[in-house]
Amino acid sequence: MVSDVHGNARDLARAGEGADALICLGDLVLFLDYADHSRGIFPDLFGVENADRLVELRTARRFDEARRLGARLWGGIEGDRATMIEKAVRKQYAEMFAAFPAPTYATYGNVDMPRLWPEYAGPGTTVLDGERVEIGGWVFGFVGGGLRTPMRTPYEISDEEYAAKVEAVGEVDVLCTHIPPEVPELVYDTVARRFERGSRALLEAIRRTRPRYALFGHVHQPLVRRMRVGTTECVNVGHFAGTGRPWALEF
């Protein structure tokens with residue numbers, strides 16, 4: 001089980017060793033590494049100094065200034081912004097999907113571009129979003145993407161659309177999502193020093209349907225990585241990019 005791969009194809013290729021299946025909860029793309037500002041699409045285009053400044057502004061929650069910085073930098077280069085980003089994302093996706101073992105079950109993260117996944121997902125990779133699948137006799141439900149934030153990442157959707165996907169999954173043994181339920185201890189990032197967006201609909205579904213596990217990523221350095229909500233074990237299985245270690249679910 002991995003989440004928030006963010007360009008770590010090397011460790012991803014080994015993540016499924018000894019397992020019956022690999023589950024990936026999204027964020028394959030690396031736009032900017034907050035731990036190493038030299039890595040990602042942004043520093044490749046604009047340099048490390050500008051990446052340092054962008055991280056500084058975002059960490060301070062000065063999102064309007066961060067957007068103005070981005071607009072100024074994009075205005076200084078030739079070419080269409082969307083085309084350049086897609087080209088860089090495609091390069092990363094080619095590496096990431098080639099590293100997936102068979103079978104892999106995956107859903108999208110908030111920085112992913114879902115429309116590109118069908119081009120790269122091979123026959124051993126099953127992509128699910130608002131859907132269920134049986135693995136080893138247990139039913140797993142998958143809900144991808146994130147909720148809308150000032151960061152404006154590619155796959156952010158409305159609370160209503162997200163809640164509908166959670167509802168479509170229904171009762172499962174293991175609920176797999178990219179973002180966590182809206183519990184303060186699970187959504188607070190201790191390094192970024194901010195509360196990320198969790199889902200209230202997801203929290204309500206956990207309380208109502210009581211899955212054995214609720215597994216997620218998104219928050220890279222959470223205040224709490226594991227806690228119970230009622231009878232459900234809630235576990236943050238990211239940040240894979242930083243550790244290179246998968247989380248194993250044995251049953």
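This is a predicted model: local features need pLDDT of at least 70, side-chain atom pairs count only at pLDDT 80 or more; totals for chains, interfaces and linings use all residues.

Trainee: Why is the F140 and F251 pair called tilted?

Mentor: The ring centres of F140 and F251 are 6.1 Å apart, and the limit for a pair is within 6.5 Å. Their planes are 50 degrees apart; stacked needs under 30 and edge-to-face over 60, so tilted is what's left. A search of the whole structure turns up 16 aromatic pairs.

Trainee: What makes this a link between distant parts of the chain?

Mentor: F140 sits in strand 5 (residues 138–143) and F251 in the segment after helix 10 (240–243), 111 residues apart.

Trainee: How do you know whether F140 is buried or exposed?

Mentor: Check the relative accessibility: F140 has 2%, and buried means under 20%, so F140 counts as buried.

Trainee: And why is F251 called partly exposed?

Mentor: F251 comes out at 48%. Exposed needs over 50% and buried under 20%, so F251 lands in between, as partly exposed.

Trainee: Now S3, in the segment before helix 1 (9–12). Why is S3 called buried?

Mentor: S3 has 0% relative accessibility; the cut-off is under 20%, so S3 counts as buried. Leaving aside neighbours within four places in sequence, its contacts include L25, H178, H218 and F240.

Trainee: What makes S3 and D4 a polar contact?

Mentor: Their side chains come to 2.8 Å, and the limit is within 3.5 Å.

Methods. Residues are numbered from 1 along each chain as its sequence is written. Side-chain values use heavy atoms; hydrogens and water are left out. Rings of Phe, Tyr and Trp (its six-membered ring) pair if their centres lie within 6.5 Å; planes under 30 degrees apart count as stacked, over 60 as edge-to-face and the rest as tilted. Helices (H or I, at least four residues) and strands (E, at least two) are DSSP runs, numbered from the N terminus. Buried means under 20% relative accessible area, exposed over 50%, partly exposed in between (1.4 Å probe, protein chains only). A polar contact is a pair of N or O atoms within 3.5 Å; within protein, one must be able to donate a hydrogen and the other to accept it, and residues adjacent in sequence count only if both atoms are side-chain atoms. Contact means heavy atoms within 4.5 Å.
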